[in-house]
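Visitor: I'd like a close look at a single part, and then a walk from there to whatever surrounds it. Please give me the cut-offs as we go.

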Amino acid sequence: MSPLYGTGTPLLELSRVSLRFGGVKALTEVTLSVPAGDLFSIIGPNGAGKTSALNCISGRYAPTSGRVMFDGRDITDVAPYRRAAIGIGRTFQNLALFGHMTVLDNILVGRHHLLRNNFVAGPIYWFTGACREELAHRAKVEEIIDFLDLQHVRKAIAGTLSYGLRKRVELARAIALEPKLLLLDEPMAGMNLEEKEDMARYIVELNEERGMTVVMIEHDMAVVMDMSKRVLVLDFGRTIAEGSPAEVLDDAQVARAYLGAAEGFGRNAEMGVATEIAAP
Amino acid sequence: MSTAATPLRDLAPAPVADTLPKLLARNAAAHPHDVALREKDLGIWRAYTWADYHAQVKRRALGLSAIGIERGDVVGLLGDNRPSWVISELAAHACGALSLGIYRDALDEEVAYLINHADVRIVLAEDEEQVDKLLRLGDRIPGVERIIYSDPRGVRKYTDPRLIVASALDRVGDEIALQRPERYDELVRATSGDDAAILCTTSGTSSNPKLAVLSAGRLIRHCESYLRVDPKGPQDEYVSVLPLPWIMEQVYALGQALIARMRVNFVEESGTTMADMREIGPTFILLAPRVWEQIAADVRARVMDASPLKRFVFRLGVRLGEAALKSGAKGARALADLVLMRALRDRLGFSRLRSAATGGAALGPDTFRFFQALGVPLRQLYGQTELAGAYTIHRPGEVDFDTVGTPFDGVEVRIDDADANGVGEIVTRHPNMFLGYYKNEAATRTSVLADGWMKTGDAGYFGASGELVVIDRVHDLATTSLGQRFSPQYIENKLKFSPYVAEAVILGDERPYLAALVCIRFSIVSKWAERHRIPFTTYADLAAKPQVHDLLRQEIETVNASLPEPQRVCKFLLLYKELDADDGELTRTRKVRRAVINEKYADLIEAIYAGQPEIGVDTMITFQDGTRQRVRTRLKTVDLVQAARAALRSPLGAPG
């Protein structure tokens with residue numbers, strides 16, 4: 001919802017976050033601020049530190065220095081599973097589904113932290129509210145299945161699905177968490193045009209209709225520039241630009257970072273992007 | 001039984017409930033707690049009783065009347081098969097308005113044409129996809145005052161003043177019902193069975209579709225004649241998957257369902273149709289020939305993938321089933337069921353079928369036999385939109401694959417301009433046919449003869465047993481330059497029984513011999529190619545593989561063996577794309593549009609008859625998502641008779 005955008009305190013803030021692996025500086029003093037209701041993209045060449053930044057937010061990596069604030073609270077030292085509980089959901093660049101479980105069960109896993117019953121109360125199903133609870137969660141999951149058009153694979157084993165569908169199931173699981181902040185690591189990588197368009201529509205709807213704040217890493221420039229409200233550009237672990245898509249496209253440093261790639265820093269994967277970004 | 005049907009005088013008098021909303025009110029009063037509709041939503045089948053159904057129609061009708069829908073207005077309906085559609089249609093009828101169903105995959109121009117031609121004032125669109133389509137038309141549809149949508153997802157962001165969400169309209173209806181409780185009953189009482197109620201698009205194998213005007217009273221009476229030869233009742237389950245704008249879905253999901261109180265079920269998504277169908281276990285089903293062919297092909301494809309033991313059991317089961325069909329013995333049937341058929345029917349969701357039909361076009365006899373052997377009581381229907389849908393059907397136990405059965409009571413069929421073999425144009429009349437084409441007096445005069453006989457445009461004859469045989473469209477019947485008459489469709493259906501053939505177009509009108517343009521069935525040929533370790537990339541690439549040519553050559557030679565020599569296919573080529581309704585090559589009901597194909601592939605056709613062994617193609621294909629792809633390929637013409645011709649000096653003569 002647009003009224004949320006730009007109002008009040010930022011939902012997520014990174015202040016001067018650095019991350020080092022021995023001598024490798026993955027992130028250097030990255031600062032960013034995402035207001036509630038934003039659709040925020042992080043772009044940059046391969047190895048620029050995008051996924052590292054996302055991992056610092058989700059808690060998979062602990063920053064070497066700097067602070068991560070979420071919803072007015074310092075979460076720098078909070079464990080990843082607790083971050084899920086306070087409202088950070090994510091998907092992975094390489095799929096991380098339970099391949100042998102059905103789509104339905106995979107999405108239900110996303111509800112796990114909301115379950116009140118445990119393995120003692122659960123078996124006495126009808127007396128502890130476990131039955132009612134299961135119905136409520138199933139209803140929520142069905143709503144998500146409807147939202148992401150997964151009805152036809154509801155009972156299919158996740159591992160047997162196409163790549164595009166598995167990405168969608170992963171998104172469904174992340175939404176099932178009912179997060180305030182959704183982190184998407186390359187949600188459209190390896191998809192065909194139709195799948196990309198669908199995925200873009202889902203993300204925009206999540207953001208606009210359900211008011212979910214989204215931080216996304218994506219390579220497809222057309223997608224990023226079309227969807228994002230704001231964009232952060234990283235190169236060698238440093239912020240080189242931040243602003244609206246139009247501002248970022250105009251930025252000379254950004255063009256250089258990407259063009260540099262074309263001139264032979266071995267980032268061939270980004271060449272397609274380089275031409276697109278230089279064109280305007 | 002005489003074939004040319006009994007006179008019309010002994011028909012029952014018009015029923016009191018002569019409009020669909022009256023029937024609904026009658027059912028809601030007499031059976032309020034019986035299930036009328038079911039919809040699968042969020043994974044659960046949710047039932048509407050007759051009372052619910054009636055209440056929903058009431059509020060929507062009052063809502064529609066509140067925004068100015070009156071007698072004689074036209075209300076457009078656009079979307080998937082859902083309860084909301086039938087509710088809206090009945091609500092429009094309750095207001096005395098006409099309903100016009102628009103196919104959900106219709107292109108923008110078609111939608112604009114229909115809306116403008118029919119003076120549609122209000123469109124009920126299902127969701128964002130349909131609303132987008134209408135908004136995209138902008139000022140090309142100036143007559144549309146309101147667009148009512150049921151699913152608000154994604155539509156909320158639009159600010160077009162014409163948009164209203166259906167739930168808001170229904171609330172307006174509720175308020176009116178509170179203020180004037182008798183209002184709805186008055187509206188329904190004012191409806192008359194003699195008034196025009198339904199506009200139905202005709203399939204239009206040429207140019208813009210015409211709109212047949214049907215009155216509710218006639219439709220209901222015609223549905224009753226149908227029910228006399230194929231009775232249905234409250235115990236019957238029907239799954240609504242045919243497009244609702246089509247006359248036959250109007251007959252089943254509205255007419256027959258309201259008369260016989262058959263339960264109508266709506267599937268969750270098109271992708272879940274087969275699974276949902278299996279959960280419901282319908283007792284009646286009508287599918288287009290293409291869908292029956294597709295199901296048969298899928299079964300075969302799955303068997304190809306199965307283990308040798310399963311393949312053996314399948315072959316055995318099919319042989320037993322065919323034997324049982326031939327002998328008619330109960331024991332043989334039971335054996336076939338035990339070995340294969342019961343399990344296969346269950347898998348397909350056909351376990352509880354009491355009646356099944358195919359219609360819309362001819363179904364190849366081999367496919368017919370396959371389903372009969374499977375134990376599906378499949379029957380052929382024949383009819384036209386103008387004549388309120390089907391009016392001939394096989395009588396139970398008298399299924400002859402080549403015929404379309406005998407007419408319903410009160411339907412008269414004759415053959416005009418019959419040639420020496422009795423083949424001529426099928427001309428029909430019955431008291432419940434359409435009132436005329438909407439705003440197209442000229443077309444009505446051309447098709448309907450002075451004394452109420454309707455020219456169907458189909459060629460056919462009465463078989464020895466008195467059953468009607470339909471051959472093809474009159475103007476599609478073709479003659480080779482050597483004077484041999486043939487029906488392209490008949491041969492195409494034979495070809496399409498091969499699981500590898502998705503579509504075929506037979507050429508040869510005013511040519512020395514017959515040739516075929518063939519589209520391979522990608523799902524199956526690709527599987528076959530994988531199994532034979534043939535690498536390929538796209539459809540076009542696969543269709544150009546020499547091994548695939550050999551495969552199809554064998555298939556066509558098999559078909560040729562069953563045809564009289566002058567009607568055999570002498571040459572064929574495999575097209576680089578599938579025929580598609582979006583390219584105008586097929587109608588929405590998936591019939592081949594010959595004129596379009598003759599024009600579009602004119603150079604291919606010329607090249608075939610000029611005897612070129614290879615034809616270069618360089619063209620653009622536009623996909624549904626708007627992307628375009630350049631296709632450059634060389635098509636090879638396969639000559640099936642060259643060798644034979646050299647040896648036998650066939651009368652066909654060397655071309656070119």
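Is B:D417 buried or exposed?

Guide: Happy to. A note before we start: this is a predicted model, in which local features need pLDDT of at least 70 and side-chain atom pairs count only at pLDDT 80 or more, while totals for chains, interfaces and linings use all residues. Residues are numbered from 1 along each chain as its sequence is written, chains are lettered from A and ligands numbered from 1 in the order in which they are written, and side-chain values use heavy atoms, with hydrogens and water left out.

B:D417 is exposed, because its relative accessible area is 70%; the classes are buried under 20%, exposed over 50% and partly exposed in between, with a 1.4 Å probe and protein chains only. In chain B, B:D417 lies in the loop that links β17 (412-416) to β18 (424-429). Helices (H or I, at least four residues) and strands (E, at least two) are DSSP runs, numbered from the N terminus. The backbone deserves a glance too: B:D417 is not a glycine, yet its phi is positive, about 50°. Most residues other than glycine have a negative phi.

A:E186 sits in the loop between β7 (181-185) and α6 of chain A, but it counts as buried because its relative accessible area is 7%.

Back in chain B, B:R379 belongs to strand β14 (residues 378-384). This arginine is buried, at 8% relative accessible area. Its side chain makes a polar contact of 3.1 Å with that of B:D230; such a contact is a pair of N or O atoms within 3.5 Å, and within protein one must be able to donate a hydrogen and the other to accept it, with residues adjacent in sequence counting only if both atoms are side-chain atoms. Beyond four places in sequence, the contacts of B:R379 (heavy atoms within 4.5 Å) include B:F368, B:H394 and B:V399.

Now to where the chains meet. Fourteen is the count for chain A: 14 residues from chain A and 16 residues from chain B take part in the contact. About 1,200 Å² is buried between chain A and chain B, with carbon and sulfur atoms giving 45% of it; this is the accessible area (1.4 Å probe) that two parts lose on being put together, summed over both. Three salt bridges cross the interface of chain A and chain B, each a side-chain nitrogen of Lys or Arg within 4 Å of a carboxyl oxygen of Asp or Glu. B:R153 and A:E205 form a salt bridge at 2.7 Å, N to O. On the side of chain A that touches chain B, α4 (130-147) and α6 (193-209) each supply at least two residues, and α6(A) gives the largest share, six residues. That side divides into three nonpolar, two polar and nine charged residues; Ala, Val, Leu, Ile, Met, Phe, Trp, Tyr, Cys and Pro count as nonpolar, Asp, Glu, Lys and Arg as charged, and the others, Gly among them, as polar.
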